[in-house]
Amino acid sequence: MAKYRFEQIAINSTEKKKPVEEDRFTYLGLEHLDSGSLKVTRFGSDVAPIGEKLVMRKGDVLFVKRRAYQKKVAIAPFDGIFSAHGMVLRPNEDVIDPDFFPLFISSDYFLDAAIKISVGSLSPTINWRDLKVLEFELPDLEIQRKLAAVLWSINDTMESYKKLISATDELVKSQFMEQFVIGTPYPRDALKSYITQVRGVSYKPADLRPSLTEDSVLLLRANNIGEGRLNHNEVQYVSAEKVSKVQLIKKDDILMCGSSGSLEHVGKAALCPESVEGETFGAFCKLIRANGALRPEYIAAYFGTDEYRKIIMQLACGSNINNLKNEHIDDLQIPVPDDAAQQQFIAFIRQSDKSKFELEQALAELTATYKRIIAENLG
């Protein structure tokens, strides 16, 4: 394989414009891109974006250079404007096949190398002057075309699985609204009557440990809360002396992001499975512990509804960081059905989760195959 500097592979388009009112309809910000997906499913702004933005053309590859560890890469779905915290990249077709180009930019091979040259501590950013001189190996153009055909076929199937998983989540949300709000409205009560809130662990760098030992506890943070599910990506370990007994997670607790610089993350919540019992959580999180007539699975389902998200988006706004106060959660007016209705709904959730798990397993296998092909043919 031949080796090229990145500036020989990609053209960095720096054309900018100051947005006008109609540009808000074709604006893509960092929040519109999803890690692990080249497709854009949401866009636009309520008002014209402020400050100069990058001009993008349909088919351009959009690379987020700020907090690049999130690995956000997408293909521009239309002509418009893109956040200045990203890059608009186009292929040098003498070196790289246009169909293979976005697959290369979204590969771990490229992204891992790019992330290593990020500068800054709070919002690490990749500079073009550093990126352009990085060297990458590429197969010849004919092999690239063959790889692109195979990888795009796998990618399309992966996207189909993601849509089915998303549809399963939406079905649960709509069923909640139909059963408890629209179809048979139930009386509402303040959530504080049915929960206890537990604050997260405050700690300093000196309190962290390199691994899990007898005197440390695995600590989950806001980044470990996904869409209704926890992950263990980039966890930390904190001295057991900093953790009180009440801050140890129990099965069916609900972990919530209470503070974040990104408004979309605030209020995200996930039900804690038995596998995380005994772990703890950081100060930017809060724990919701059911203690009354409402079952934790039911409460967690409410936290997944669009109604809840709209309320949180209004309550949590801040100038630099967005916060949910205890009273914001305590004062939520939640429908209070009888236990039989809750159990019926929970049975529906569990069946949906079973279907979702099977889809996620299939997606994981496809993702592994996709990554293996990339790894075998790059670098």
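Reader: Where in the chain is Glu214 found?

Author: Helices (H or I, at least four residues) and strands (E, at least two) are DSSP runs, numbered from the N terminus. Glu214 lies in the loop that separates strand 13 (208-209) from strand 14 (216-220). This is a predicted model, in which local features need pLDDT of at least 70 and side-chain atom pairs count only at pLDDT 80 or more, while totals for chains, interfaces and linings use all residues. Residues are numbered from 1 along each chain as its sequence is written, and side-chain values use heavy atoms, leaving out hydrogens and water.

Reader: Is Glu214 buried or exposed?

Author: Buried means under 20% relative accessible area, exposed over 50%, and partly exposed in between (1.4 Å probe, protein chains only). Glu214 counts as exposed because its relative accessibility is 86%.

Reader: How far apart are Glu214 and His85 in sequence and in space?

Author: The two are separated by 129 residues in sequence and by 43 Å in space, C-alpha to C-alpha.

Reader: Where is Asp60, and is it buried or exposed?

Author: Asp60 occupies the loop between strand 5 (53-56) and strand 6 (61-64). With a relative accessible area of 5%, Asp60 is buried.

Reader: Which polar contacts does the side chain of Asp60 make?

Author: A polar contact is a pair of N or O atoms within 3.5 Å; within protein, one must be able to donate a hydrogen and the other to accept it, and residues adjacent in sequence count only if both atoms are side-chain atoms. The Asp60 side chain reaches the backbone nitrogen of Arg57 at 2.7 Å, and a polar contact of 2.8 Å links it to the side chain of Arg90.

Reader: Which residues does Asp60 contact beyond its neighbours within four places in sequence?

Author: Contact means heavy atoms within 4.5 Å. On that basis Asp60 is in contact with Ala74, Ile75, Ala76, Val88, Leu89 and Arg90, leaving aside neighbours within four places in sequence.
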